[in-house]
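Have the structure open as you read.

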Amino acid sequence: SFKGFEGTLVVNSSLSYIGINSGIKENTRKNFTCAHELGHYCMDINTSDAEFSCSKDEIEIFKKSIQPMELRANIFASELLMPRFLYKELVDAHDPSWDNIKKLAQISQTSLTATAKRYVDLTEHACVLIVSVDGKILWFNKSKYFSFYPNMEDRVVPYNTHAYSAFKGKLPPDDFDTLRIEDWFCEARVN
């Protein structure tokens, strides 16, 4: 078990290895962490000796505020585990739903968050993934056909939404919900 980080990449002249924190329970998270570190190996090694140690706040997170190198490694991992040339056809074959995203996650052995993000990246539908923790929006990813931006000023999950109810202990529905634009996008900007 690594203290403070999820994965590590160590490269030197005689040996290179990727280590994954044994405390990670989900195989999907282990897969993404390994692919993330492989991304560092493929894109960020420019000497014979290098070491990367990546925290939970850097892996499988797609906030624009993380270091560009970490964001790039996450995009690499997403493309490696859910390649566009295979996934695009699978995404196009079905309307957005949690059931379809769960099926895709099983196929690629990736988390629902990573899979939903990839789905939004590739879909022709107008949709948005909003990731929140403890009632606060962490980051969002919108499809190219979704023309609004969530209000990120205070980052509070809106009161009259399924997400808010989930933070209060109520199970959210399995189906996607049609959003009321004014709930999530109070100060929406159009592309």
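## How the helix angle is defined

Axes are lines fitted to C-alpha atoms, for helices over the stretch in contact, and angles run from 0 to 180 degrees between N-to-C directions. Please keep in mind that this is a predicted model.

## The α3 and α4 pair

Take helix α3 (residues 84-92) and α4: their axes come within 11 Å and cross at roughly 155 degrees. Angles over 145 degrees count as roughly antiparallel, so α3 is roughly antiparallel to α4. The crossing of these two helices is right-handed.

Which residues make the contact? From α3 come Tyr87, Leu90 and Val91, and from α4 come Leu104, Ala105, Ile107 and Ser108. By class, six residues in this contact are nonpolar, one is polar and none is charged.

## The largest pocket

Now to the largest pocket, with a volume of about 1200 Å³. It is lined by 35 residues, and Trp98, Val128, Leu129, Ile130 and Phe176 are the closest to its centre. At least two lining residues come from each of α4 (98-108), α5 (112-122), β4 (128-133), α6 (162-167) and α7 (181-184). The lining of the largest pocket holds 23 nonpolar, six polar and six charged residues.

## The second largest pocket

The second largest pocket has a volume of about 460 Å³. Its lining has 16 residues, and nearest its centre lie Arg29, Lys56, Glu60, Ile61 and Val133. Two or more residues of this lining come from each of β4 and β5 (136-142), and β4 gives the most, with three residues.

What classes of residue form this second lining? Seven are nonpolar, two are polar and seven are charged.

Notes: Residues numbered from 1 in each chain as written. Predicted model: local features only at pLDDT ≥ 70, side-chain atom pairs only at ≥ 80, totals over all residues. Heavy atoms only, no water. 1 Å grid on protein atoms, 1.4 Å probe; cavity = no way out; pocket = protein on both sides within 12 Å on 5 of 7 lines; lining within 4 Å. Points joined across faces, edges and corners; volume = space filled by probe spheres on them. Helix = DSSP H or I, 4+ residues; strand = E, 2+ residues; numbered from the N terminus. Nonpolar A, V, L, I, M, F, W, Y, C, P; charged D, E, K, R; others polar. Parallel < 35°, antiparallel > 145°, perpendicular 65-115°, else oblique. Left-handed = near helix turned anticlockwise from the far one by under 90°. Contact = heavy atoms within 4.5 Å.
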